[in-house]
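Dear colleague,

Please find below the sequence and structure that I am handing over to you. My notes on what was found follow directly after them.

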Amino acid sequence: METFPVINMEKLKGEERGATMKLIEDACENWGFFELVNHGISHDLMDTLEKLTKDHYSKCMEERFKEMVASKGLEAAQSEVNDMDWESTFFLRHLPASNMSEIPDLDEDYRKAMKEFVVDLEKLAEQLLDLLCENLGLEKGYLKKSFYGSKGPTFGTKVSNYPPCPKPELIKGLRAHTDAGGLILLFQDDKVSGLQLLKDGKWIDVPPMRHSIVINLGDQLEVITNGKYKSVLHRVNVQPDGNRMSLASFYNPGSDAVIYPAPALVEKEVEKGLVYPKFVFEDYMKLYAGLKFQAKEPRFEAMKGMESTVKLGPIATA
């Protein structure tokens, strides 16, 4: 049984750097997921944020979720539910501009802790992108630059709770999908499990670990690496007891960023050629919105059909 890749970032500082970079490379090529420990984000801050997120759910979201379940008759479901998810969520946008002040029921402590957390998380995302550049043989900063549109990257957090479900065998917390964006950084519940990824035709648990950050690669990194790294199908199973908290932060390209395979990687694989399309990120997202729970390959094909309209501006160097 293969073990889920856990990367100790402390080891990047010493003589185990080479072996640790190899672990990251293997995780990117064969898993599409890995878990980070000793990532430099304060454990106290993570504990505070977890408590505030759970408090916010019980104070502001739980009643609404129960009403939704009742109105749709989900507790009485007799057969598999394929058109919705057993989750309570809201979205926070951080970059290019924050919408946190517009979310009505967030208290000041929550806003403050979240702001502090995402500043650290953004730094971690950019550090990871440079580690991927190093493994891919791309110049430092290439991935960050390729995510930059005219206003920099897009960065946001999906705050989710997956409450206890009386029919976990009939409804998913979140149906299987790949992530459309770039790099996803997940702070998940360390007690209630549920996240799984598909590897070699089998669903594998992503183990809950205290104070870890789970990383997964989105469709855009698959395109930029010309398929060397892949975005991987994943889902959330719900439990009959226990409410699972999930803070998934998406470090994505800017809406007008032009995404295409890195020329250096295409040259390395001449016989394979250019497999992936060139497109404006926002166009991909519009397509993804309606097809999230379907296979990604037709999305890439559809983008190829639009390629002639993409004007390739210089990569921003901001």
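Predicted model: local features only at pLDDT ≥ 70, side-chain atom pairs only at ≥ 80, totals over all residues.

**Pairing around strand S10**

Three bridges pair strand S5 (residues 172–177) with strand S10 (residues 234–237) in the antiparallel sense. Helices (H or I, at least four residues) and strands (E, at least two) are DSSP runs, numbered from the N terminus, and two strands pair if DSSP finds at least two bridges between them.

Residues are numbered from 1 along each chain as its sequence is written, and side-chain values use heavy atoms, with hydrogens and water left out.

**The seven-stranded sheet**

An open sheet is formed by seven strands in the order S1-S2-S9-S6-S11-S4-S3, with mixed pairing. Strand S1 (6–8) and strand S3 (88–95) stand at its edges with a single partner strand each, so one side of each is left without a neighbour in the sheet. On average, neighbouring strands of this sheet are turned by 25° against each other, direction ignored. Such angles run from 0 to 180 degrees between N-to-C directions, and axes are lines fitted to C-alpha atoms, for helices over the stretch in contact.

Within this sheet, strand S4 (residues 154–162) and strand S11 (residues 244–252) run antiparallel and are joined by nine bridges. Gly156 stands opposite Phe250 in S11.

**Helix packing**

Two helix pairs may be described in turn. The axes of helix H2 (residues 43–72) and helix H3 (residues 108–136) come within 10 Å and cross at roughly 135°. H2 and H3 are therefore oblique to each other (angles under 35 degrees count as roughly parallel, over 145 as roughly antiparallel, 65 to 115 as roughly perpendicular and the rest as oblique). The crossing of H2 past H3 is left-handed; a crossing is left-handed if the near helix is turned anticlockwise from the far one by less than a right angle, and right-handed if clockwise. On the H2 side, Leu45, Met46, Thr48, Leu49, Leu52, Thr53 and His56 meet Asp109, Tyr110, Ala113, Met114, Glu116, Phe117 and Asp120 in H3, where contact means heavy atoms within 4.5 Å. The residues of this contact comprise eight nonpolar, three polar and three charged (Ala, Val, Leu, Ile, Met, Phe, Trp, Tyr, Cys and Pro count as nonpolar, Asp, Glu, Lys and Arg as charged, and the others, Gly among them, as polar).

Helix H7 (residues 281–291) packs on helix H8 (residues 297–305) at an angle of about 140°, with the axes 10 Å apart. H7 passes H8 in a right-handed crossing. The contact brings Asp283, Tyr284, Leu287, Tyr288 and Leu291 in H7 to Arg299, Phe300, Ala302 and Met303 in H8. Its residues divide into seven nonpolar, no polar and two charged.

**Backbone geometry in the loops**

Most residues other than glycine have a negative phi, and most peptide bonds are trans. Leu95 and Pro96 are joined by a cis peptide bond, with omega about 5°, and Pro96 is placed in the loop between S3 and H3. Asn38 has a positive phi, near 50°, and lies in the loop between strand S2 (33–37) and H2. Asn38 is partly exposed, with a relative accessible area of 38% (buried means under 20% relative accessible area, exposed over 50%, partly exposed in between, with a 1.4 Å probe and protein chains only). Asp200, in the loop between strand S7 (195–199) and strand S8 (202–205), likewise has a positive phi near 50°; Asp200 is exposed, with a relative accessible area of 63%.

**Two individual residues**

Leu136 in helix H3 is buried, its relative accessible area being 2%. Not counting residues up to four places away in sequence, Leu136 touches Leu143, Thr225, Lys228, Tyr229, Leu265 and Lys268. Lys22, found in helix H1 (residues 17–30), counts as exposed at 53% relative accessibility.

Yours sincerely
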